[in-house]
Amino acid sequence: MTDSGATLLAAIIAAGVAGVGLIWSVVSFMLTRRTQRATDARQEWSRRFEHAHALAFSSDLKEAASGLTLIEALARERWVTDEDRATAVSILSSLTRVAEAPAAQLRATILAEVRNPAVAAALGRVEPGPKGRFEVYRDASGDYRWRLKSAGGHYLAVSEGHSSEAAAMSSLELARRELGSEPPE
């Protein structure tokens, strides 16, 4: 092989390696971009689910209904995992014991979409109904409020301030009926 032939062969090999490197860079960029978009979409989904969860526990019936609607829509997103569905089912389980209630019907629908049979069976055995109690108290500004306290001692929901205990009790009763909880202490 002559010097010019060797130089040409070396140039062809170098161009091939550079071409493969360029192709790998483009593929790597596309994969990274796709992964980042999926991560961003999951984060946005989580933010929306947290908002829907808060709305579902609202004492305002319209807000609670919109929270259930959002949970239903979010449970059908393509980013949803069985873990996400299990979270939704757990939240919906705590909202009501009444089988005909919208939360119970939505719970059954989402539970049917859980792909892992063991997870679905475990969630199906969870007894529906609230896992906490309502409390009425007077805040630092003198307003009457109610709050929903979980069995673990965490506050799940707190009402707006009311000028009288009777008004707070009326608001609490409305929320309790909708959520199917036990009467306050």
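**View 1. Met30 and the nonpolar surface patch in the predicted model.**
Met30 is partly exposed, with a relative accessible area of 47%. In this predicted model, Met30 is placed in helix 1. Together with Leu22, Val26 and Phe29, Met30 makes a nonpolar surface patch of about 420 Å². Met30 does not count as buried, because its relative accessible area is 47% and buried means under 20%.

**View 2. The largest nonpolar core, which has 29 residues.**
Within this core, the residues with the most contacts are Phe49, Leu68, Ile71, Leu92, Leu95 and Ile110. At least two residues of the core come from each of helix 1 (3-56), helix 2 (61-74), helix 3 (82-95), helix 4 (102-112), helix 5, strand 2 (144-150) and helix 6 (165-179). The most is given by helix 3, with 6 residues.

**View 3. Contacts of Leu92.**
Leu92 is among the residues with the most contacts inside the largest nonpolar core. When neighbours within four places in sequence are left aside, Leu92 is in contact with Leu68, Ile71, Ala103, Leu106, Arg107 and Ile110.

**View 4. Val119 in helix 5.**
Helix 5 covers residues 117-124 and includes Val119. Val119 is partly exposed, with a relative accessible area of 27%. Residues up to four places away in sequence not being counted, Val119 touches Ala86 and Val114. A separation of 8.8 Å lies between the C-alpha atoms of Val119 and Glu83, which are 36 residues apart along the chain.

Notes
Residues are numbered from 1 along each chain as its sequence is written. This is a predicted model: local features need pLDDT of at least 70, side-chain atom pairs count only at pLDDT 80 or more; totals for chains, interfaces and linings use all residues. Side-chain values use heavy atoms; hydrogens and water are left out. Helices (H or I, at least four residues) and strands (E, at least two) are DSSP runs, numbered from the N terminus. Buried means under 20% relative accessible area, exposed over 50%, partly exposed in between (1.4 Å probe, protein chains only). Contact means heavy atoms within 4.5 Å. A nonpolar core is a set of buried Ala, Val, Leu, Ile, Met, Phe, Trp, Tyr and Cys residues joined through side-chain atoms within 4.5 Å. Patches are made of residues with over 30% relative accessible area and no salt bridge: like charges are joined within 9 Å, nonpolar side chains (Val, Leu, Ile, Met, Phe, Trp, Tyr) within 5 Å. Accessible areas come from the Shrake-Rupley method with a 1.4 Å probe; for residues, only the protein chains shown count as cover. A salt bridge is a side-chain nitrogen of Lys or Arg within 4 Å of a carboxyl oxygen of Asp or Glu.
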